[in-house]
Amino acid sequence: MQKTLVEKIKRNIYLLRLNDSEVKYFEGLWYIPEGITYNAYVATLPEGVVLFDGWKHVYSELYIETLRQVVDLSDIKHIVVHHMEPDHSGSLKLLLEKVENITVYGHSIANSLMQAFYGRTVKFKPVNDGEKLALGGGHALYFYHTPWLHWPDTIISYLDSEKVLFTCDVFGSYGIPSRVFYEDLPSDEKTVFKWFTQKYFANVIGHHVDWVPKNLDKISRLNLNIELIATGHGPLYREISYITNLYQELGAKQVSKNKTAVIYTSMYRFVEEAVEIAVDELKKQGIDPRIYKFTDTYRDHESDIIGDLFDAENIIIATSTYDADLYPIAKYIVELIKAKIPSNKKILVLTVHGWGPVAGKKLTESLAEKKFQVIGSMEIKGSPRREEAKIREVVNKLIRQ
Ligand code: FEO
């Protein structure tokens, strides 16, 4: 797939898309073999060219080269910075070194971050919530604050003449879509992108999920006549209700009935044997669980686990005691769960130990801090086969409670 994509998406608006298939760990944390796109936009308007966001810093030269395909750099008069995370703002540093007299618009927090991140004092215009920027010829841009989606500086903007809402991370997704617009994707790719959107949402926005309905309500009350949602990552949306409804569901922390996930670590197969019994019981009860594991031969990825758990109803966490403490990987995964996943889950804890049981108590206490409903915790000494009946019993308690 080519690295860059330039497409006219409205009468006066171009999409500049960077297809990043080289990134492995988004934010240095989330494994994304599917890659990601950085979507910037250019509006050519009577008052001059308006630029909406940029790309990651490593693509700064390519960003400027791509910009030159559609505009003369000296015609750029305004840059809107919806969000200062460097996957969007990184390439702006080089542009601002090359072109003078550009006014940067964004949240006041973005101004301080511009200086902190890039050592740049720029001509910055902090925008108030609802502020209007007239751009000549009947064009006007409106700015709206959407705090904590997912930084406090996050804003969106609406170009009323083109009926386009620019949303940056909001409604964004992982993955490199084969088409610009979601509606043009083949149906199986639409399904994949629904998952990429949920995964991105859980990984990146999940911690601030309570801000989602607040901001969605606010956008809805604006009664904007939106024809196109232009995101900062992934596909663009003409079917506005599809993506806003998906966000409503995620923001409402909706649980998929009976969806059950099993996450386990296993050093020497004892934990894995307990999981095999639990999974067998789940299947007997008509539930086919998602299984994620960390063993001596295989590791799943935090990005998928957090994405998939977001709408789960039941979770089984199986691990062991290690150095008289909770097994380190389990400790890490549970901290991510506590940070990113809504607590409206039922959880069963299965732990194995040799000379001393510690993991079960620590895990239960840790989950209780975030008010997860731990419906059972088993501490198993050595092989779990002797405890098979009890494991089956607690699994049934998990799915029936
Ligand atoms: Fe896509 Fe929060 O940056």
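Here are some friendly notes on the predicted model shown above.

1. **Ground rules.** Residues are numbered from 1 along each chain as its sequence is written. Because this is a predicted model, local features need pLDDT of at least 70 and side-chain atom pairs count only at pLDDT 80 or more, while totals for chains, interfaces and linings use all residues; side-chain values use heavy atoms, with hydrogens and water left out.

2. **The chain as a whole.** The secondary structure comes to twelve helices and 20 strands. Both are DSSP runs numbered from the N terminus: helices are H or I with at least four residues, and strands are E with at least two. The radius of gyration is 24 Å, close to the 21 Å of the globule rule for 401 residues, so the chain is as compact as a globular protein of that length. Here the radius is taken over C-alpha atoms, and the globule rule is 2.2 Å times the number of residues to the power 0.38. Along its principal axes, the C-alpha trace spans about 80 × 40 × 40 Å.

3. Buried residues make up 60% of the 401 residues. Buried means under 20% relative accessible area, exposed means over 50%, and partly exposed is in between (1.4 Å probe, protein chains only). The accessible surface of the chain is about 16300 Å², and 48% of it belongs to carbon and sulfur atoms. These areas come from the Shrake-Rupley method with a 1.4 Å probe; for residues, only the protein chains shown count as cover.

4. **Contacts along the sequence.** A contact means heavy atoms within 4.5 Å. Take the contacts between residues at least 6 apart in sequence: 69% of them join residues at least 24 apart.

5. **Two domains.** The chain is divided into domain 1 (4-251) and domain 2 (260-400), with bounds from an automatic or database domain assignment. Their C-alpha centres lie 38 Å apart. Where the domains meet, 14 residues of domain 1 are in contact with 13 residues of domain 2. The two domains bury about 1200 Å² between them, 62% of it on carbon and sulfur atoms. Buried area is the accessible area (1.4 Å probe) that two parts lose on being put together, summed over both. On the domain 1 side, Trp30, Tyr31 and Trp195 supply 35% of the area buried against domain 2, more than any other three residues.

6. **The largest core.** A nonpolar core is a set of buried Ala, Val, Leu, Ile, Met, Phe, Trp, Tyr and Cys residues joined through side-chain atoms within 4.5 Å. The largest one has 94 residues, and Leu67, Ile76 and Leu95 touch the most other members. Helix 5 (residues 187-205) gives the largest share, seven residues. Both domain 1 (4-251) and domain 2 (260-400) give residues to this core, so it lies between them. Setting aside neighbours within four places in sequence, Leu95 is in contact with Leu51, Tyr63, Ile64, Leu67, Leu73, Ile76 and Ile79. There is also a second, separate core of 25 residues, which includes Ile9, Ala43, Phe52 and Ile155.

7. Ile229 lies in strand 14 (residues 228-231). Its relative accessibility is 0%, so Ile229 counts as buried. Beyond neighbours within four places in sequence, the contacts of Ile229 include Leu165, Phe171 and Tyr237. Phe124 is found in strand 9 (residues 123-126). At 13% relative accessibility, Phe124 counts as buried. With neighbours within four places in sequence again left out, the residues in contact with Phe124 include Val104, Tyr105 and His107.

8. **Backbone details worth a look.** Most residues other than glycine have a negative phi, and most peptide bonds are trans. Leu149 and His150 are joined by a cis peptide bond, with omega about 10 degrees. His150 sits in the loop between strand 11 (140-145) and strand 12 (155-159). Phi of Cys168 is positive, near 50 degrees, and this residue is in strand 13 (residues 164-168). With 2% relative accessibility, Cys168 counts as buried. Phi of Asp323 is also positive, near 50 degrees. Asp323 lies in the loop between strand 17 (314-322) and strand 18 (325-326), and at 66% relative accessibility Asp323 counts as exposed.
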